[in-house]
Amino acid sequence: MTGPLAPTDALRLEIFRHALVGITDEMSVTLRKAAYSTNIKTRLDFSCSLFDSRARTIAQSFAQPIHLGTLATFVPAILATYDAPLEAGDAILCNQGHLGGLHLNDVCLVAPLVIDGETFGYAVSMAHHVDVGGGTPGSIGLHREQYQEGLIIPPVRVLHDGVIDRSVLAMLLENVRSPREAEGDLRAQLGSVSVGLRRFSELIAERGLPAVRRGIDDLLDYTHRRSVAAIAHLPRGTIEATDYLDDDGMTDEPVKISARITITDEKVTFDLTGCAAQRPSSINTTRGGTLSACAYALRCMIDPDLPINDGFYQVIDVITTPGSVVDSVRPAAIGGGADTVARLTEVALRAFASILPDLSAADSKGTMLNISFGGLNPRTGRYFVYYETQAGGYGGRLGLDGMDAIQPHTQNTENAPIEETESNYPVRFVRYELVPDSEGPGRWRGGLGLRRDYVFEGDVTFSVMAERVKFAPQGLLGGGPARSNHYIRDPQGKAIRFPSKFTVDVPAGEVMSIQTAGGGGYGEVALRDPAMVRADVASGRITSARAQAVYGVAVDSPPSAAERATPGSDLTTEIQS
Amino acid sequence: MSGFRVAIDIGGTFTDVVLIDTESGERWTGKVLSTPHDPSEGFFRALDIALELAGAEIGACRSVLHATTVATNAVLTRTGGPAALLATDGFRDVLEIARQIRHDLYDLRTTKPLPLVAREWAFGVRERLRYDGSVLLPLDEDSVREAAAQIRDSGIRSVAVCLLHSYVNPTHEQRVAEILRDEIPGVSISLSSVIAPETREYPRASTTVANAYVGPVVGSYIASIEAGLRDRGASSGLWLMKSNGGLATAANALERPVEIIESGPAAGLAAASHYAALIGSRDVVTLDMGGTTAKVGMIDDGESLQTTAWEIGSSAGSGSAVAHGSGLPILGSVMDLVEIGAGGGSIAWIDPGGILRVGPRSAGADPGPACYGRGGTEPTVTDANVFLGRIGATSMAGGRLPLDGAAAAAAIGRLAARLGVSSLDAAVAILDVADSAMIQATRLMTIRRGLDPHGYDLIAFGGAGPLHACRQATALGFRSVIIPPDAGVLSAFGLLASAPRVDHRVAFRRRIDVVDPAEVSATLDRIEAEAIARLPPEARGGDLRRDRAADIRYVGQSWDLRVAIPGGAFDAAAAERLRADFDAAHERTHGYAAPTALVEMVHLASSVAAPRPGIADRAVADRAVADRAVAAPVGAAAGGDEPARTARPSGSRPAFVDQGVVLAEVPVYRFNDLREGDTLAGPALIDGDDSTTYVAGPFDCRVGPHRVLHLVAR
């Protein structure tokens, strides 16, 4: 760290930062517009960054918090592994997830900015390609080892002197199910980094090399100083929390996720050596995914407005055991690691809650909640596949109930509209509504889970890759647990419940009901304002029976309009599988 | 046809008025502080000032035009309604679930936007349509009556109805409306199949509910304005600006109050379009910087750029794009704007890392910036401009709002002390930070859409726009900066340059290679007739502008592009042409086309607009003013037929000049002294009645026809 900034320099830093972030924003727009894959265009599953010559992140643009730690891990690892001089007009391609991506679908492109023969920095874009080959269409499925998940690309030079290496491209395209999309997405990434390089050199031409170099140092120093100042507000010491994933999908054995967090003057250390060993299943994640979880949790605790660059990452230390679920090594499969990232995030937040309860939230639904189904489409006679993730409840907060039906933490993708989905796929929704009584009770209760019931026009295969059937979201400071996730076939009839990860054949006309978990409660339930309990009954969020039994508040009003207008409610069905 | 027209625009900080003599074009302008507790108070204060300046009677006003934030504020402060929602049974939580996303990713205390209808007033109605509009479950009328009984007993009189797939088949919604009318006397009903007949239930329900929710507030507001006008002896009707830049009668607005939600920004763009046409500029970026926010828009070939997807109440941060999902989606045409929290009233503050930030918090009208002397102590952008001499002590509102330079200096001084710099450095830095945030917004509008600012003129207006425009031009390379006369009250002026217009869009999802052209033709004819029927009766004349279009995408895409459809019958050849036009548009917008991919239409759209009123030429007006020697109307200079001359300053004041942190004696011109053909060189300040223009050092300024200022870098 250099000395403190002259005040006038500090005043102009905000403008310099805008200029750098503006470049990465423009890279994102270029990528998004030119890409072919839905994942990139609408789910915004990508990240664009600028790095300096020492592979330090200087600016980033991304929409999904799960990318908070990916490139910062990936790029230094790629450069170290490639280990050959790069020239102007070169670019390296890599998807070797264990270097820092979330899964093989995350294809990373790194291009150097060379000025007078010297590498000044890098423009980088990483995007989720729809398919990279392997045993499952889309390359994300339940597998035992990475070789089943798709083509593994080590750092290779794909661009030389501004020209694409045809052999590398041919090798890639021959191994994927959708070569047209893959080539389109790769060209979009090349366009994105070339915009980044152009704007970066324009900035240098405008301000001069020394000024930009100093500006970068100042920016990272400023961010670091601000991060340290934010950490200074945290109590010193060590905190910890542990939770378990229901299973790994291959065996029934729960998977331990444990974090021990130590706060010192200039650093926050996440000791994750208590996490389970990696499994022969796709639930493992990488250093990149793990850093995302830790960085997210810390950022929420200290200063959500912190610029995201190396100055911020410097205050985070992550200690893992190589070969564990949070730092898997080859040949571990990693396609479903996002659920481990999601849970590690909640575990870290739980640990922070022990010292910063005022800033914290109780547990949320705590899983990606991947739902997919497919089969022969009776409307067209062709095969169809459909995928979505479903929201759940958010934990209660000091002075605030949890949000109902929301994508929590590292996840933030929109729902598919009913009308559009019914128009495009042979499915009809029977109901899409909040699940009453699913909240974790508390002085500030958790948010409600979400129910989405599907009925199909033809026979389908229906899969869920999720979590939190055995282990429900927990409350905080005396708040109660929420209702867990329920996956129920034929809810009005046989009502068969399933575990967290399953695939089942569902005949036409039969209902599959996905009822997601609520959020945990915050604070003692006895302290909840009875007026708020009555309001929850009036709005149909909780039943009067639950108000009496759990909150001890008698509400002798007739059933609310809501209850009467929802006939045949089976929402309290509890059936053991 | 002699008489006056008067236009009043209410903003977050100021209420602006322009009164025009329809024959001579002579106009009078005024600016008063807004009165958020009762906006009609500011309305009539502004009206009275304009009438007094002009020596006119309200009875001589042929029309009263109004841009209002009353509908917006009702939503933002949740003071509209109460309203109820009827939805398909099993789907009444459509507002609660919304998009299931968080708009603030790192704030564990974030919340979803609060629905406009509380869950207890959202009812399920037993019925179900399939995606193709066929009936799966017939409407259970008793379930409607049950809900109606509860609504009636509660006293709610505004009801939104949004049933699944009603955009394909509205019959269930229509029957629900009949039952509600029978059961609830005096009920006002908003049907989603009428308000926004488009696919995707959440934005459609959100729009329909917003209509039901703002209805009662808009209704009583319009009634109070109309009553006040009647009391003053007005004989003319009240017209309101809609979000799409078209005028509506009070009756139109009561029918679809959701359409006036973005009234104010639309008026500003209407005025900018007017001046763009007058000076013959086809490619324009607009910068409207007022007291609370800065809005960047675009005019393409004379028409302001519009969008059909936006959110009300979305959070706008300084220098960042709007956070998706933070507001409530509203369907319908609206000006496409990037809005950031950087206005004259935006407050400068120091963040935890010791860095200076500006906005998005604003000092508003009360207390206002420190220099207003109304108790504000925090330094704002306006205070920095005053401290740096860019705004003179008597520059504001024609001197009716004297500014307290000492209070501005004190506020800046306190900030400077905390930063450990001189007051001068602090004031310069405030403007730097505000300017750089606006540059980011302007970049979003241009470079991020693949447009090069070098090919565009920047029209700057609003109270603060003309002060900050040169910096935008320098940073982004605009061809020129255009400052219209009355820039400080341009939104009010825009009302005078506007005409009735209706935009209508319906879902029409058909693959273009198999569509029946006759069905397209018939649907276009039908929706055009529906659009015309929604125009005020007096605007349904023969010389309407009629535009038709389709929203189209490649099969599998999530975003569509609007492509114009020429008038006349739509046949097989037209379908082929439309396909080719779409490929070309896609290439232009997204950088590639896929001519062999399948293409589908998503919506058909019709837009009908009455011709815009002519506004008498300014030169004539100026002469008329000079002859009559009326006190203080804007532009009381002599005629415009003299040769170019170098303008003479009326004085000078010490002001900050461009990049150097040095105060210099800068020549000051009075806008009212300038006339067509005058030239002057920067650095210079031009004081108008309602705004000050800052001509930066490297710019030359020429006074063009209509006394438009053209600033071009040397």
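**Figure 1. Strands β3(A) and β6(A) in the predicted model.** Strand β3 (residues 91-94) of chain A pairs with strand β6 (residues 156-160) of chain A in the antiparallel sense, over three bridges. Strands (E, at least two residues) and helices (H or I, at least four residues) are DSSP runs, numbered from the N terminus, and two strands pair if DSSP finds at least two bridges between them. The bridge partner of A:A91 in β6(A) is A:L159. This is a predicted model, in which local features need pLDDT of at least 70 and side-chain atom pairs count only at pLDDT 80 or more, while totals for chains, interfaces and linings use all residues. Residues are numbered from 1 along each chain as its sequence is written, and chains are lettered from A and ligands numbered from 1 in the order in which they are written.

**Figure 2. The hairpin of β6(A) and β7(A).** β6(A) is also joined to strand β7 (residues 163-164) of chain A, by two bridges, and the two run antiparallel. A:H160 stands opposite A:V163 in β7(A). Two residues lie between the strands of this hairpin, and A:D161 in the turn has a positive phi of about 55°.

Figure 3. Helix α5 (residues 179-207) of chain A has 29 residues. From its first C-alpha to its last, α5(A) reaches 42 Å, close to the 42 Å expected at 1.5 Å a residue; the expected span is 1.5 Å times one less than the number of residues.

Figure 4. Chain A is divided into domain 1 (7-225) and domain 2 (361-524), with bounds from an automatic or database domain assignment. Their C-alpha centres lie 34 Å apart. Six residues of domain 1 of chain A are in contact with six residues of domain 2 of chain A, where contact means that C-beta atoms, placed from the backbone, lie within 7 Å. On the side of domain 1 that touches domain 2, four residues are nonpolar, one is polar and one is charged. Nonpolar covers Ala, Val, Leu, Ile, Met, Phe, Trp, Tyr, Cys and Pro; charged covers Asp, Glu, Lys and Arg; the others, Gly among them, are polar.

**Figure 5. Where chain B touches chain A.** The contact takes 58 residues from chain B and 62 residues from chain A. Elements of chain B that give two or more residues to this side include α4 (141-154), α7 (201-231) and α12 (423-445). The largest share, seven residues, comes from α12(B).

Key: Two residues are in contact if their C-beta atoms, placed from the backbone, lie within 7 Å.
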